[in-house]
Amino acid sequence: YCLNGPTATYNSPSPLDRNIHTYGGYSTHIVVKEDFVLKVSEKLPLNAVAPLLCAGITTYSPLRRWNVKKGDKVAVVGLGGLGHMAVKLASSMGAEVTMLSRSPEKEKDANELGAAHFELTTSDENMKKMAGSFNLIINTVSAQHDYNQYLNLLKTDGV
């Protein structure tokens, strides 16, 4: 959303002075416009809040952008840090969440996080059965993979 391009959080030239670089988590201080700052209450444990500021916003943003709501069918591909947050957020928005994974041992965690269904993507039968099922698919897998296999799982006008 930055009209003049992004400023990366680490080793990126400052848009105000190209001779100054950002240092991310190694910074001793930072000056920003208050519009871009979020105050975290001192009453909240930072270890519980931190995931919301990274994996949380990364997965919340597309769910909010595409107006996920009660009755929508959302598939989450991959149950790592981002996948955990996507399942929790989509289910809290009222969506019927299906966890798509290659790892059967992740089913218990997916269900505990709020997934209503768990499907193995290694099964051609499962993939055919789910064709045209989802309003939205959020892919949280960072490893190299063929995401085209998921496109047929979307309903018409799905994203």
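**Close-up views of a predicted protein chain**

**View 1. Ser 101 and its surroundings.** Leaving aside neighbours within four places in sequence, Ser 101 touches Lys 106, Phe 118, Glu 119, Leu 120 and Thr 121, where contact means heavy atoms within 4.5 Å. Ser 101 belongs to strand E4, residues 96-101; helices (H or I, at least four residues) and strands (E, at least two) are DSSP runs numbered from the N terminus. Ser 101 counts as buried because its relative accessibility is 6%: buried means under 20% relative accessible area, exposed over 50% and partly exposed in between, with a 1.4 Å probe and protein chains only. A note on reading these legends: this is a predicted model, in which local features need pLDDT of at least 70, side-chain atom pairs count only at pLDDT 80 or more, and totals for chains, interfaces and linings use all residues. Residues are numbered from 1 along each chain as its sequence is written, and side-chain values use heavy atoms, with hydrogens and water left out.

**View 2. The whole chain, for orientation.** Four helices and six strands make up the secondary structure of the protein chain, and from the N terminus on they run β-β-α-β-α-β-α-β-α-β. The C-alpha trace spans about 55 × 35 × 30 Å along its principal axes. Of the 159 residues, 28% count as buried. Among contacts with a separation of 6 or more, 41% join residues 24 or more positions apart. How confident is the predictor in the protein chain, as mean pLDDT? The mean is 91, and 99% of the residues reach 70 or more; pLDDT is the predictor's confidence in each residue, from 0 to 100. Among the elements, E3 has the highest mean pLDDT (98) and E2 the lowest (82).

View 3. Pro 104 sits in the loop between E4 and H3. With a relative accessible area of 47%, Pro 104 is partly exposed. Beyond its neighbours within four places in sequence, Pro 104 is in contact with Phe 118 and Leu 120, and both of these residues are also on the contact list of Ser 101. Thr 121 is 17 residues from Pro 104 in sequence, and their C-alpha atoms are 9.8 Å apart in space.

**View 4. The largest nonpolar core.** This core holds 20 residues, and Leu 63, Val 74, Val 76, Val 87, Val 97 and Met 99 touch the most other members. A nonpolar core is a set of buried Ala, Val, Leu, Ile, Met, Phe, Trp, Tyr and Cys residues joined through side-chain atoms within 4.5 Å. Two or more residues come from each of H1, strand E3 (73-77), helix H2 (81-92), E4, helix H3 (107-113) and strand E6 (136-139). Which element gives the most to this core? That is H2, with five residues. Apart from this core lies another, of 10 residues, including Ala 75, Phe 134, Tyr 150 and Leu 154.

**View 5. The largest pocket.** About 1700 Å³ of space lies here. On a 1 Å grid over the protein atoms alone, a pocket is an open set of points with protein on both sides within 12 Å along at least five of seven lines, whereas in a cavity a 1.4 Å probe fits but cannot get out; lining residues have an atom within 4 Å of a point. Grid points are joined across faces, edges and corners, and a volume is the space filled by probe spheres set on the points. The lining has 33 residues, with Thr 7, Ile 30, Val 31, Val 32 and Phe 36 nearest the centre. Strand E1 (10-13), strand E2 (21-23) and helix H1 (46-65) each supply at least two lining residues. By class, the lining has 18 nonpolar, 13 polar and two charged residues; Ala, Val, Leu, Ile, Met, Phe, Trp, Tyr, Cys and Pro count as nonpolar, Asp, Glu, Lys and Arg as charged, and the others, Gly among them, as polar.

**View 6. The second largest pocket.** Its volume is about 220 Å³. Among its 17 lining residues, Val 77, Gly 78, Arg 102, Val 141 and Tyr 150 lie nearest the centre. Six are nonpolar, eight polar and three charged.

**View 7. Two residues with positive phi.** Asn 67, in the loop between H1 and E3, has a phi of about 55 degrees although it is not a glycine. Asp 157, in the segment after E6, is likewise not a glycine and has a phi of about 70 degrees. Asn 67 is partly exposed at 43% relative accessibility, and Asp 157 is exposed at 77%.
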